[in-house]
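Reader: I would like a close look at a single part of this structure, with its surroundings taken step by step. Please keep the wording plain.

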Amino acid sequence: MSTMEELNRDIGACQRCDLARHRARVVPGEGPADSVVLFIGEAPGFHEDQQGRPFVGPAGQFLNQLLILAGLRREQVFICNVIKCRPPENRDPLPTEIQACRPWLDRQIELIEPKVVVTLGRYSMARYFPGAAMSKVHGKHIKRDGIVYFAMYHPAAALHQQSLRKAMEQDALTLKQVLSQLEPASAGPGEPESRQLSMF
Ligand code: URA
């Protein structure tokens, strides 16, 4: 299996779909390669495309606040997107683009082996909660093969809607609870210290 650096290099050279022609920078994602918690958003926006980093614009500012509510430090989690290049004008990702990018996300998950996957928005939700409605599943989690999948709205959706903002803040507090219940199991024998969730 490749290392995260090798994987990032491969993602950086990707030409699998047309988005490669429009991007300023690829946005593979960032965080420790052995993060316990993985957040998956939708696609890079303007600021992410400029900087090559995920969630660094206004939605990212709100995500940072949600992480604090969830008792997490941004440096301890891995944050990435379903697709790694910005769609023109921030349009929704096309099914063909999601398909083309899927092997990158698959390899990231294989490498990180997260204990908790938090989906941000409907595109990552669709991967783990197929056919579900966001209004029904947000703030809820399922456990499959020892991994917890927790659904949240997309932070950008909440930026201009006070009710969604409140819902996301509440969901972040629920996530904190879920994480605290999982803590002893995540720090199982043989797990390195970096794999143990230290809440603050
Ligand atoms: N929205 C996303 O889904 N991802 C980002 O990285 C930024 C905004």
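Author: Strand S5 is largely enclosed by the rest of the structure, because five of its six residues are buried. The model is a predicted one, and what follows describes that model.

Next come the strands beside S5. Strand S3, which covers residues 116-120, is joined to S5 by five bridges, and the two run parallel. Within this pairing, Thr 119 is found opposite Ala 151 of S5. Strand S4, made of residues 141-144, is joined to S5 by four bridges, and here the direction is antiparallel. Arg 144 has Ile 147 of S5 as its bridge partner. S4 and S5 form a hairpin with two residues between the strands, and in that hairpin Asp 145 has a positive phi near 50°.

Now to the side chains. A pair of aromatic rings is described by two things, the distance of the centres and the angle of the planes. The count of aromatic pairs in this model is one. The pair consists of Tyr 128 and Tyr 149, whose ring centres are 4.3 Å apart and whose planes meet at 25°; planes under 30 degrees apart count as stacked, so this pair is stacked. Tyr 149 belongs to strand S5 (residues 147-152) and Tyr 128 to helix H6 (residues 122-128), so the pair ties together parts that lie 21 residues apart in sequence. Both Tyr 128 and Tyr 149 are buried.

The charged end of Arg 16 is placed over the ring of Trp 104, at 4.1 Å from the ring's centre. Arg 165 is over the face of Phe 62, and the distance to that ring centre is 4.2 Å.

Glu 97 is part of helix H5, which spans residues 95-112. Its relative accessibility is 5%, and buried means under 20%, so Glu 97 counts as buried. Which residues is Glu 97 in contact with, leaving aside its neighbours within four places in sequence? They are Cys 17, Leu 19, Ile 83 and Arg 91.

To return to the strand in the request: S5 is joined to S3 in parallel and to S4 in antiparallel fashion, and its Tyr 149 stacks with Tyr 128 of H6.

How values were computed
Residues numbered from 1 in each chain as written. Predicted model: local features only at pLDDT ≥ 70, side-chain atom pairs only at ≥ 80, totals over all residues. Heavy atoms only, no water. Phe/Tyr/Trp six-rings, centres within 6.5 Å; stacked < 30°, edge-to-face > 60°. Buried < 20%, exposed > 50% of the residue type's maximum accessible area, 1.4 Å probe, protein only. Lys NZ or Arg CZ within 6 Å of the ring centre and 35° of its normal. Pairing = 2+ DSSP bridges. Contact = heavy atoms within 4.5 Å.
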